[in-house]
Amino acid sequence: MSARDDIFANIRRSLGVKGSETIRRQIVADRLERAPKGVIPKRGQVSGEDRIALFKTMVETALATVTEVASPAEVPQSIALFLRNHNLPATLRMGEDPRLQAMPWSETALEIAQGPSEGRDLNAVSHAFGGVAESGTLAMVSGPENPSTLNFLPDNHIVVVSGKDIAGDYESVWNRVRFAYGKGTMPRTVNWITGPSRSGDIEQTLLLGAHGPRRLHVVVVRD
Amino acid sequence: MTVHSTSPQFKQNAARALNDDQLQKALGNVKQGFIDKRQMAAAKLPEFEALRDAARDIKNHTLEHLDLYLEAYEEKVRSSGGHVHFARNADEARDIILGICRDAGAKTVTKGKSMISEEIGINHHLEANGIRPVETDLGEYIIQLRGELPSHIIAPAVHLNATQVEEDFRRVHTHLDAKRDLSEPVQLLTEARAVLRERFLAADVGITGANFLVAETGTSIIVTNEGNGDLTQILPKTHIVLASIEKLVPTLEDASQLLRVLARSATGQEMSVYTTFSTGPRRSADADGPENYHVVILDNGRSSMLGTSFEEMLRCIRCGACMNHCPVYHAVGGHAYGWVYPGPMGAVLTPSLIGVDKAGHLPNASTFCGRCESVCPVRIPLPKLMRHWREREFERHLTPATVRSGLQLWGFFARRPALYRFATRAAMGVLALAGRQRGRFAWLPMARGWTKYRDFPAPQGETFQARWKRERQGARA
């Protein structure tokens, strides 16, 4: 018997089932189809300005920084200012995201590089799929628009998120992922990011910038 | 069983740990940090207790239908372009992984933190076959340099102090300036980051564990704070996920419920920094990500726990809260437990996986104070399960003869309440009389194990039951 068949047989023997029971199959199919939500904390169940304000507070609680701009056109200047304020070089890597591509980068002195990171970039910008106010979490999806390497390799990661894409809870983000990719289908990688990289492995001392970005900066676009 | 176990020598291990000053200093960090942080995180979320119930129920539901969720998961992984392999035991899992690494022509393999990989001893197997495994979680990297096992499931190097890490880095990173300053923890972190960055970029295969597997989408989930698990999986051409059968959850919503209790219980964070949902290999248009995606699903004795009282242990999400709150763990640390899983969860799981004949000491190393159960995010009744192991050990005559006869003697009296009350009353009376001068005993027959280290307080002359009865009558009157 193959390892697979053996394991399934042992699971079924232990559970006292055959695997063909219609009721069990129905229960499982139903749960996979309906994906019931469970307990949703009240904290994130606010809307409008309150939700944006909660998101920003939670982003800062997670030791990231956050700023707000009124329109996509203001993003390049805001990022240039952030880099300048931290004495960082005026370089920036990004993917093919049309929202980022449409921004007026030429108004700044930033040197823009395109495509995934090979590990030598200091700064990168990505556009988030969404945000979650409950915990100040960014939801990133992989693809040529926003390569996953940009989330992890650069020292300083800047994430642009549209105010209208900030949800109260994770479940709302999953609904949007299903709408965008189809039920039961996912992009290669979804990254939830809550603050910059850190480690407490040496004497339980919290240190930022373990393997991923030392700084995470979020730009909320209000449009 | 694959990784060598010193669980049978728990008593010697514990004695050594209690006399290890470095270890005792490091263990102080566990008591201080984890407990307060978890408490604060739980207090900030009014729904935390309801989420613990939900987490328990999701796991119970999944385990009851595990065969069907595994089938659904397997189909989804395949339809998203990934491969699923099943391994009955550690030997099979190691050979599958070695085979994938060989097919990939791998020279070096980076690894995210995975307790299952410790359980199957994959590092040793890869090394023996000419492939270099590189642990990338900072704590795991440190203990790999030292040739040790993790002493904690989420803080593998918690038993070490910064000066010990500095010594290891100086010993191993010989290409760096010998006069460099490493006196601050941040300097150690920066050095490890630079050294490991090169390893990440050079690796041919990346191996991660999985916190959860999602049946709905064929997704594996990992949770890290460092980002090492992500660099491990997106940079090499091949990503191998190593997971055991009980990691399954039905849907993304179910995973989200569990994630809400995981980080809070583990480190006291609202959410860990990186929660990563990986499904299949990179898509044709993707600019990065692995070209091959393999999942190795390990049983290693778990399917036989289903349908028994130890099924509840399969709910465990490896947060480490039980050991963070355990007075025995605080006293002896993780290595004393002698195998991969320490603390209360290890005391229940280890006998299931390597046999109660080898790991029987572990469920006995508990005061049954109940703190582990009170903080477990999936409400595993750890003290009850440890008691079940003690019973099995007794039934199988694995308990030492003196303990057996002691328990049998006690059992004789305990089943005869009147005799029990008479005997304890007599004993307390005698002891109270004998100890009335000093109020304590420096020596007692048959109690040398206690009196060798401290005095035994003399009883006041009344038994607990008698006092209980008296005070309750007093309260009623």
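In this predicted model, helix H8 (residues 138-146) of chain B packs against helix H9 (residues 162-172) of chain B at an angle of about 65°, with the axes 10 Å apart. Axes here are lines fitted to C-alpha atoms, for helices over the stretch in contact, and angles run from 0 to 180 degrees between N-to-C directions. Helices (H or I, at least four residues) and strands (E, at least two) are DSSP runs numbered from the N terminus. The crossing of H8(B) with H9(B) is left-handed, that is, the near helix is turned anticlockwise from the far one by less than a right angle. On the H8(B) side sit Ile142(B), Leu145(B) and Arg146(B), which meet Val165(B), Asp168(B) and Val172(B) of H9(B); contact means C-beta atoms, placed from the backbone, within 7 Å. That makes 4 nonpolar, no polar and 2 charged residues, with Ala, Val, Leu, Ile, Met, Phe, Trp, Tyr, Cys and Pro counted as nonpolar, Asp, Glu, Lys and Arg as charged, and the others, Gly among them, as polar.

Now for the meeting of the two chains. Chain A puts 65 residues into the contact and chain B 76 residues. On the chain A side, H1(A) gives the largest share, 10 residues. By type, that side holds 27 nonpolar, 26 polar and 12 charged residues.

Pairing takes at least two DSSP bridges. Within this pair, Val190(A) has Phe277(B) as its bridge partner.

Residues are numbered from 1 along each chain as its sequence is written, and chains are lettered from A and ligands numbered from 1 in the order in which they are written. Local features need pLDDT of at least 70 and side-chain atom pairs count only at pLDDT 80 or more, while totals for chains, interfaces and linings use all residues.

Notes: Contact = placed C-beta atoms within 7 Å.
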